[in-house]
Amino acid sequence: MVAAVRVHKTGGPEALTYEEVEVGAPGPGQLRLKQPACGVNFIDVYFRMGMYPSPVGLPFVAGNEGAGQVIAVGPDVTEFKVGDRVAYQVPLGSYSAERLLPAARAIKLPDAVSYEQAAGMMLKGMTVSYLLRRTFKVEKGTNVLVHAAAGGVGLILCQWANHLGANVIGTVGSKDKAALAKANGCHHTILYRDENFAERVKEITGGKLCDVVYDGIGKATFPASLDCLRPLGMFASFGSASGPIDAFNINLLQQKGSLFATRPTLNHYGAKREDLLALAKDLFEVVTKGAVKIPINQKYPLKDAAQAHRDLESRNTTGSSILIP
């Protein structure tokens, strides 16, 4: 039996129950991992609340991201061996001291990347990888708007977009978060509680507006995000921290400049193993050469997962949060 955090009934942070679970031996195509660290992400909140249905029903072990050492290998696994250091992003199961993991979703860690770094960056970092390189190819001179620029995805996105030569504009909720975003590659910050961010984007860009808006906030920033885009610009809505965007008349995209809009997810961009490994390779490259740093700004004991969720939902966190089993 090992310590884990499970959800027996969907709801608020109190739905996260710290208890002991049986892990068992790995079956065909599986690994058993011992995990020094697990990542905390907004998608964990969506599963906990029932906004995203659990693919395994109830109860389920929460969490979508983690890192650990292989301690047992199931039949038919040839790519991994006991002792390998791996990380992953999968639907559910990471909030546990040990777990079973499909080998097809495991990614070997470079020596230069620690377990804590990996647990704080795989889901967020590979999300940034596809957003910047595939959803919209950011290049030198691209005007980029990043909502929640001081958040877990935001700090990685700002650094990476800056590294690519983009002009990075970020919305933040406080002066402290503005300073943090600027220290992580954001050229211009907008205090969204005090300023009209669409008007500020127009001022900052001299009326040119942005080529792409990366929005993990959702309901609270729509449709104003569309007013930040130049004609033929891209609206990439990759999260719903303030709630999902309601259905809207698609003619709105034509009225605001023949805009493109997408609701991407890492589960699709990394569905094929070769695509998953390519996203991870790009992430490891920018991290190991120092172009992107992974700020682990909150660490919690596994038993305090509920508090980690409260802090995340109240926007009292910056950068990445991890749980320590």
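## A helix across a sheet

Which strands does α3 lie across, and at about what angle does α3 run to β13? Helix α3 lies across β12 (210-215), β13 (229-237) and β14. Its direction is at about 150 degrees to that of β13. The model described here is predicted.

The strands β12, β13 and β14 belong to an open sheet of six strands, in the order β11-β10-β9-β12-β13-β14. The pairing in this sheet is parallel. β11 and β14 (260-262) are the edge strands, and each of them pairs on one side only. On average, neighbouring strands of the sheet are turned by 15 degrees against each other, with direction ignored.

## Pairing at the β11 end of the sheet

Strand β9 (residues 143-146) pairs with β10 in the parallel sense, over four bridges. On to the next pair: β10 (residues 167-172) and β11 (residues 188-191) run parallel and are joined by four bridges. Here Gly 170 stands opposite Thr 189 in β11.

The chain makes a right-handed β-α-β unit from β10, helix α5 (residues 175-183) and β11. Another helix, α6 (residues 197-204), lies across β9, β10, β11 and β12. The direction of α6 is at about 155 degrees to that of β11.

## Two helices that cross

Two packed helices are described by the angle between their axes and the distance between the axes. For α3 (residues 122-135) and α9 (residues 273-288), the axes come within 9 Å and cross at roughly 95 degrees. Angles of 65 to 115 degrees count as roughly perpendicular, so α3 and α9 are roughly perpendicular to each other.

On the α3 side, the contact is made by Met 122, Gly 125, Met 126, Ser 129, Tyr 130 and Arg 134. On the α9 side, Asp 275, Leu 276, Leu 279, Ala 280, Asp 282, Leu 283 and Phe 284 take part. Sorted by class, the contact has eight nonpolar, two polar and three charged residues. An α-helix has 3.6 residues a turn, so residues three or four places apart point the same way.

Strand β1 (residues 2-7) and β4 are paired in the antiparallel sense over two bridges. In β4, Val 61 is the bridge partner of Arg 6.

Helix α10 (residues 305-313) has buried residues at Ala 305, Ala 306, Ala 308, His 309, Asp 311 and Leu 312. Just after α10, Arg 315 takes a positive phi of about 60 degrees.

## Backbone exceptions in loops

Most residues other than glycine have a negative phi, and most peptide bonds are trans. Two peptide bonds to proline are cis here. One runs from Leu 58 to Pro 59, with omega near -10 degrees, and Pro 59 is in the loop between α1 and β4. Another joins Phe 222 and Pro 223, with omega about 5 degrees; Pro 223 is in the loop between β12 and β13.

Asp 76 and Leu 92 can be set side by side. Asp 76 is not a glycine, yet has a positive phi of about 75 degrees. Leu 92 also has a positive phi of about 75 degrees and is not a glycine. Asp 76 lies in the loop between β5 and β6, while Leu 92 is in the loop between β6 and β7 (98-102). Asp 76 counts as exposed because its relative accessibility is 69%, and the cut-off for exposed is over 50%. Leu 92, by contrast, is buried, with a relative accessible area of 6%.

## A buried glycine

Which residues is Gly 74 in contact with, leaving aside its neighbours within four places in sequence? They are Pro 26, Gly 27 and Gln 30. Gly 74 sits in the loop between β5 (65-73) and β6 (85-89). At 7% relative accessible area, Gly 74 is buried. From C-alpha to C-alpha, Gly 74 and Ala 25 are 7.6 Å apart in space, though 49 residues apart in sequence.

Conventions. Residues numbered from 1 in each chain as written. Predicted model: local features only at pLDDT ≥ 70, side-chain atom pairs only at ≥ 80, totals over all residues. Heavy atoms only, no water. Axes fitted to C-alpha atoms, helices over the stretch in contact; angles between N-to-C directions. Parallel < 35°, antiparallel > 145°, perpendicular 65-115°, else oblique. Contact = heavy atoms within 4.5 Å. Nonpolar A, V, L, I, M, F, W, Y, C, P; charged D, E, K, R; others polar. Pairing = 2+ DSSP bridges. Right-handed = clockwise from strand over helix to strand, strands pointing away. Buried < 20%, exposed > 50% of the residue type's maximum accessible area, 1.4 Å probe, protein only.
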